[in-house]
Amino acid sequence: MILQLEKEAPVAPVAKALAALGYKTTEVSTQYAHYLVGIGKADVDIRRIGQLPGVRDVHRVSDDYKLVSRKWRTRPTVIDLGDGVRIGEGGLAICAGPCSIESEAQMEKVMAHLLANNVRLMRGGVFKPRSSPYSFRGLGLEGLRDFHRLAQANGIKIVTEVMQVSQVEEMHDFVDVFQVGARNTQNFNLLDALGSVDKPVLIKRGISGTIEELLSSAEYVFSAGNERLMLCERGIRTFETASRNTLDLNAVPILKEKTHLPVIVDPSHGIGLREHVPAMALAAVLAGADGIVYEAHETPETAASDGQQTLDFEESARLIRNLRRVFALRETLE
Ligand code: PEP
Ligand code: MN
């Protein structure tokens with residue numbers, strides 16, 4: 001059960017009344033509101049709870065995850081990054097950029113490409129989780145500062161991965177969206193830490209994570225205080241070896257049904273094969289995605305990481321055009 005409380009309402013009497021009904025409660029205070037999440041038996045008349053002093057409204061939510069559930073909040077969450085960049089408002093968000101930030105020259109070229117195609121969201125990692133310790137591991141905080149400065153100068157918002165708790169604070173002023181990578185989806189300390197920042201978080205699905213586990217990861221961040229969340233399907237590990245991962249497009253309509261959070265799809269990591277990234281991106285739009293994030297680089301063959309799944313600018317520009325056409329088509333479907 002979720003209770004939304006009046007702003008200054010004292011919590012203790014409400015929690016006490018719920019405890020008397022057999023509910024264990026957790027107080028949640030976010031940038032927008034004040035809640036009490038109750039875990040307990042379902043056979044209570046919630047109208048009685050709604051009448052308690054200080055309770056604005058009350059909802060029964062049977063899912064294990066509560067605050068991210070659509071059973072409670074039917075209105076879709078919109079992530080407003082400022083300067084007119086919004087995600088999850090019925091439009092299609094497009095975010096592109098290199099797997100890794102490599103140099104100022106590289107960033108400038110990508111930004112010029114994005115602006116030429118009217119895209120104002122750029123991805124790029126400065127802390128890179130690599131399977132091998134000998135691979136390029138990113139430019140770190142220095143690189144992030146440059147990324148942020150150039151992005152600001154160009155009116156672009158940035159999405160970049162945070163790998164550990166200690167980085168949250170040092171990265172904070174230089175990111176527009178924190179990305180939690182697939183290897184960290186269940187790093188609960190990191191999720192908790194991201195609950196106390198007022199920056200949106202994009203949470204990727206774990207490499208072998210279920211949809212329910214992804215929702216529970218989002219629940220961690222929300223219950224720790226941050227409502228500004230997005231989910232990202234990026235492929236899961238299956239027995240299939242013909243592609244890097246198996247992009248689970250089933251997850252898109254299922255997530256859209258289960259949660260009010262925006263659902264983004266990453267076809268680059270999802271299939272891992274450059275020539276097939278556009279097809280999966282377009283399919284994701286028809287499946288109902290709120291946004292697409294993919295890897296793009298001037299010369300993918302020289303990229304410091306993930307070149308095999310990275311589009312060059314010509315391919316990227318074509319994909320952007322086609323994404324918009326398919327999105328317009330989706331809008332006309334019955
Ligand atoms: C990335 O976005 O570059 C990345 C490492 O993604 P994932 O965590 O999905 O593997
Ligand atoms: Mn990558």
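The shell around ligand 1 divides into seven charged, three polar and two nonpolar residues, where Asp, Glu, Lys and Arg count as charged, Ala, Val, Leu, Ile, Met, Phe, Trp, Tyr, Cys and Pro as nonpolar, and the others, Gly among them, as polar. This is a predicted model, in which local features need pLDDT of at least 70 and side-chain atom pairs count only at pLDDT 80 or more, while totals for chains, interfaces and linings use all residues. Residues are numbered from 1 along each chain as its sequence is written, chains are lettered from A and ligands numbered from 1 in the order in which they are written, and side-chain values use heavy atoms, with hydrogens and water left out.

**Around ligand 1**

- The residues around ligand 1 (with a heavy atom within 4 Å of it) include Cys99, Glu161, Gln179, His269 and Glu295.
- A polar side-chain atom of Arg234 lies 2.6 Å from an oxygen atom of ligand 1, and for Lys128 the corresponding distance is 2.9 Å; a polar contact is a pair of N or O atoms within 3.5 Å.
- Taken alone, ligand 1 exposes 300 Å², of which the protein buries 97%, with areas computed by the Shrake-Rupley method with a 1.4 Å probe.

**Cysteines**

- Zero disulfides (pairs of cysteine sulfur atoms within 2.5 Å) are found in a search of the whole structure.
- The sulfur of Cys232 is too far for a bond, because the closest cysteine sulfur, in Cys95, is 9.3 Å away.

Methods
A polar contact is a pair of N or O atoms within 3.5 Å; within protein, one must be able to donate a hydrogen and the other to accept it, and residues adjacent in sequence count only if both atoms are side-chain atoms.
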